[in-house]
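Welcome! Have a look at the model below, and then we will walk through it together.

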Protein chains: 2
Amino acid sequence: MKELSRDDLDDIHKFAVQLGKYAGQMLMQAARLRTGDTAAPQQQQQEHVQKANAVDLVTETDENIEAYIKSQITSKYPAHNFVGEESYSKGSSREYLIDDAPTWCIDPLDGTVNYIHLFPMYCVSIAFIYKSKPVVGVINAPFLNQFFSSCAGRGAFLNETQPLPLIRNPVPPMPAKAPSGCVFSCEWGKDRKDIPDGNLHRKVESFVNMAAEIGGRDGKGGMVHGVRSLGSATLDLAYVAMGSFDIWWEAGCWEWDVAAGIAILQEAGGLVTTANPPENIETSPIDEVRLGSRLYLAIRPAGESKDETGRQGQERTVREVWKRVRRLDYSRPGA
Amino acid sequence: MKELSRDDLDDIHKFAVQLGKYAGQMLMQAARLRTGDTAAPQQQQQEHVQKANAVDLVTETDENIEAYIKSQITSKYPAHNFVGEESYSKGSSREYLIDDAPTWCIDPLDGTVNYIHLFPMYCVSIAFIYKSKPVVGVINAPFLNQFFSSCAGRGAFLNETQPLPLIRNPVPPMPAKAPSGCVFSCEWGKDRKDIPDGNLHRKVESFVNMAAEIGGRDGKGGMVHGVRSLGSATLDLAYVAMGSFDIWWEAGCWEWDVAAGIAILQEAGGLVTTANPPENIETSPIDEVRLGSRLYLAIRPAGESKDETGRQGQERTVREVWKRVRRLDYSRPGA
């Protein structure tokens, strides 16, 4: 396999942007068929609504969009690998499949529950991964009119014009008392088993530690500025890249949920590492996230303060989060 | 005071819509000054950024917008009362002030924490209240390009064209096993005191009951489809009116946080009552919310099923929520 050049990467980025735009239109069109929106042809609309329940309709949309994206990619880049949420989920293995080869990693519809209920926080997510790193990311949230994109070395953007993070002259440093002053984004997820010390209870204990007043929770109270849950890992990462969320902590999601978001966030200057605190929180090196690890802690792009560099502020914040969260159990083969 | 006619109300609605549009522009313009957006005049931008910290900037925006809205209202409707978040908060009383007289109830910026961090979930909220009922509501979330409006008897709309709820041919009934199948919206709020059985812990206990698997939590597990926290009570209500959120349960917010949202939700066919379960959950009448009560439980517009009317489905859902949530303590004088 020959090395990809700068031009190759720029072409891939351009192609991914067009793909994301069209896939977003498909998604929005399918959503309109479920509403009383008069823009949708009425006959088509009635057929659609009468057909089946919302979940079936959404599954159909999901599969159609992935099939479209896959056909476009395999026609343009037949030598590239393809990992898509829909096709992967139908397989029996849960192994991590991405290696150093050029690979597209796609979620045709992230935020499926939101889409079923027509809550606007859903999106198409398209990532291109090279040498095991997400280097191109495209996220299209059509109901929000928000389109995020990035290409390694070329910057990350909202709607192709606004550079990320949004506040950038200068980019604010991490708050001195982080997580206090931070917006903390987290998700309840699908694992709702009421098992003592199971993932649900460990998550909630972590959320409460982050939220509680300073001095509370036996010193673990983080008094974050706000706690947010959107129901879309992809958009959580996009908002960390925007600088809107300071911290995102989540586990259990898959590479297609995060690959495009990680590409965009890293290009914007953010840090992504593991959700699970290591044994020695204060001194452990802060490794780059492993894409298939299912354990994610993301920190927004940060500027320098008089006392530290942006990276130092991010690492300080990582350690402060690790002090307050529990280890979660989401293992998988091959990752 | 003479009675308001149908025409009077329509005029008030038209005026409120214009007011909401302009106020939303002001909000977005102030936001742009804080970003690297090249649409903002550079000199103005630099002055703005150098001026002070984000919180001061936001307070200034908040006050400017409320002053603008108030001046427009008092010039057009000098006989009407005015309750605004900014002006109210500066007074020392926390008494509920709205009576049967025509009253405007305004939040120039709901979702302040979001706005500080430039997370798009913030909005202007304008309600007109007559005979103690919110009858006109306007919510403008300019960063989301979402504009919600309603007038009693005239319907509720997204962006003035899409009737609410969005899914309406027919409007889906409440799920048979609600809260299972429902998107549950809730907020962590500002009361983070780590007091045993304090509001924070009662809230979290309620959230976990709603989220946990069926059969878990000693039978209280609600297995909701998703848990969402946006950080804006106003937008939470708007999304309940859209039908995106099935249930919103929250306490501690004030009348300007909810008045416009309640107007829109009720006009769309939703139900709003108290967050606090009564003594007899199964048989207690489900009273309409008191605007100043600071305790809110909202259910989305619901269609009929073969077994029950939409209202019956909503009431069933209210009781199922009450079974799973704790009573919260947010008393106030005069309400």
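A cavity is a set of points, on a 1 Å grid over the protein atoms alone, where a 1.4 Å probe fits but cannot get out; lining residues have an atom within 4 Å of a point. Its volume is the space filled by probe spheres set on the points, which are joined across faces, edges and corners.

This is a predicted model, where local features need pLDDT of at least 70, side-chain atom pairs count only at pLDDT 80 or more, and totals for chains, interfaces and linings use all residues. Residues are numbered from 1 along each chain as its sequence is written, chains are lettered from A and ligands numbered from 1 in the order in which they are written, and side-chain values use heavy atoms, without hydrogens and water.

A search of the whole structure finds one cavity of 30 Å³ or more. The largest cavity has a volume of about 50 Å³. Its lining includes Q162(A) and L166(A) together with M28(B) and F143(B).

| Helix | Residues |
|---|---|
| α7(B) | 233-242 |
| α8(B) | 255-268 |

Their axes (lines fitted to C-alpha atoms over the stretch in contact, with angles from 0 to 180 degrees between N-to-C directions) come within 8 Å and cross at roughly 5°. α7(B) and α8(B) are therefore roughly parallel to each other, a label for angles under 35 degrees. Among the residues that meet are L237(B) in α7(B) and I262(B) in α8(B), where contact means heavy atoms within 4.5 Å.

Technical notes:
Helices (H or I, at least four residues) and strands (E, at least two) are DSSP runs, numbered from the N terminus. Angles under 35 degrees count as roughly parallel, over 145 as roughly antiparallel, 65 to 115 as roughly perpendicular and the rest as oblique. On a 1 Å grid over the protein atoms alone, a cavity is a set of points where a 1.4 Å probe fits but cannot get out, and a pocket is an open set with protein on both sides within 12 Å along at least five of seven lines; lining residues have an atom within 4 Å of a point.
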